[in-house]
Amino acid sequence: MRIHCPARRPLNQHAGAVCSRAQLNRANGSPEGRRPFGRVKGQSHLGSPINTRALYTVALNSIAKKGVQRVEDPLAGSRGSAPWVPRKGIVMKKQKQSFVVLGLGRFGSSVARSLCELGHEVLAVDRDEKLVEAIAPDVTQAVQANAVDEDALAELGVQNFDAAIVAIGTDIRASILATVLLKEAGVPKVLAKAVDDLHARVLYKVGADRVIFPERDMGQRVARSLVAPNILDLMALSDDDQIAELTLPTDWADKTIVELNIRRNFGVSVLGIHRGGKFLTSPGAETMLMAGDLLLVMGKKEAISAVQ
């Protein structure tokens with residue numbers, strides 16, 4: 001198994017807010033690496049009397065590094081002040097997520113690169129050395145390994161990742177086996193690529209949380225763009241209800257939403273407007289629509305198709 005790991009982006013192995021032994025030694029006033037590990041009579045298992053406040057300080061600092069913006073000192077009440085009470089609503093920064101992508105074809109490599117560009121950590125795995133070397137500069141870590149080798153997956157620590165993407169396309173057997181091994185390893189969420197409906201049913205049976213059809217979905221999107229070129233993107237909420245992004249019809253320009261009475265006359269609701277690189281959320285009735293706007297609308301399938 002070959003590993004390509006750019007030094008600029010170390011992989012987070014989900015150690016959590018854990019204090020290292022060196023940190024604990026420094027907190028207790030000992031030079032790093034010189035504190036004996038054996039138990040001495042009258043001492044803690046760390047080799048010295050426990051400095052409780054110092055341990056709390058190290059722990060709180062470690063937690064803060066993991067994203068907590070406000071941390072209270074649980075010993076604040078010991079100096080004669082009011083007792084410390086846990087406060088609700090601790091503000092957390094948005095945490096990075098970690099993903100493992102098995103299979104680095106066109107779909108897998110695109111997913112891996114996109115996730116990394118969004119600021120998440122990605123482990124890319126494929127048995128083809130050339131594919132691994134090609135993607136190594138763009139992801140957190142790239143590894144040449146067999147995705148259906150249980151020992152290799154265990155060595156990679158796949159259970160530590162938030163989600164896994166099985167992007168193996170043509171080898172249906174490998175796709176199914178990889179999904180089984182990931183679920184047995186304890187990966188919380190597994191998304192798998194399928195080539196047909198039977199393949200999808202099997203993937204769901206063996207534990208896949210979500211199955212996608214990249215080629216079919218893209219084909220449907222291209223077909224919609226040919227039939228209704230003003231519809232740029234579309235998401236189905238049900239068999240009848242959809243959310244779509246569409247270009248502003250020319251006769252809507254320089255008119256307000258209430259003037260057009262869009263909901264009543266066209267049967268769709270305007271959820272947002274893309275304008276000049278900005279997104280206007282929940283525009284009011286008096287919002288003026290301008291040429292070049294992209295509208296995010298929700299409504300019935302027939303109503304959205306009728307907006308031209």
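Two residues are in contact when heavy atoms of one lie within 4.5 Å of heavy atoms of the other. The structure itself is a predicted model.

**The chain as a whole**

The chain contains 11 helices and 14 strands. Of its 308 residues, 39% are buried. Among contacts with a separation of 6 or more, 54% join residues 24 or more positions apart. The chain exposes about 18300 Å², and 54% of this area comes from carbon and sulfur atoms.

**The nonpolar core**

The largest nonpolar core has 29 residues, and L102 and L182 touch the most other members.

Helix α6 gives the most to the core, with five residues. Which residues does L102 touch, not counting residues up to four places away in sequence? They are V125, A147, L153, I165, V166, A167, I168, A178 and L182. L102 and L182, the two core residues that touch the most other members, therefore also touch each other, given that contact means heavy atoms within 4.5 Å.

**Helix α3**

Helix α3 covers residues 106-117. Its 12 residues should span 16 Å at 1.5 Å a residue, and the model agrees because the end C-alpha atoms are 16 Å apart. Which residues of α3 are buried? The buried residues are F107, G108, S109, V111, A112, L115 and C116. Just after the helix, G119 has a positive phi of about 95 degrees.

Strands of a sheet pair through backbone hydrogen bonds, in either a parallel or an antiparallel way. In this chain, five strands form an open sheet with antiparallel pairing, in the order β8-β9-β14-β11-β12. The edge strands are β8, residues 231-236, and β12, residues 278-281, and each pairs on one side only. On average, neighbouring strands of the sheet are turned by 20 degrees against each other, with direction ignored.

At one edge of the sheet, β8 pairs with β9, residues 241-247, in the antiparallel sense over five bridges. Where does L234 find its bridge partner? The partner is A244, in β9.

How values were computed
Residues are numbered from 1 along each chain as its sequence is written. This is a predicted model: local features need pLDDT of at least 70, side-chain atom pairs count only at pLDDT 80 or more; totals for chains, interfaces and linings use all residues. Side-chain values use heavy atoms; hydrogens and water are left out. Helices (H or I, at least four residues) and strands (E, at least two) are DSSP runs, numbered from the N terminus. Buried means under 20% relative accessible area, exposed over 50%, partly exposed in between (1.4 Å probe, protein chains only). Accessible areas come from the Shrake-Rupley method with a 1.4 Å probe; for residues, only the protein chains shown count as cover. Two strands pair if DSSP finds at least two bridges between them. Axes are lines fitted to C-alpha atoms, for helices over the stretch in contact, and angles run from 0 to 180 degrees between N-to-C directions. A nonpolar core is a set of buried Ala, Val, Leu, Ile, Met, Phe, Trp, Tyr and Cys residues joined through side-chain atoms within 4.5 Å. The expected span of a helix is 1.5 Å times one less than its number of residues.
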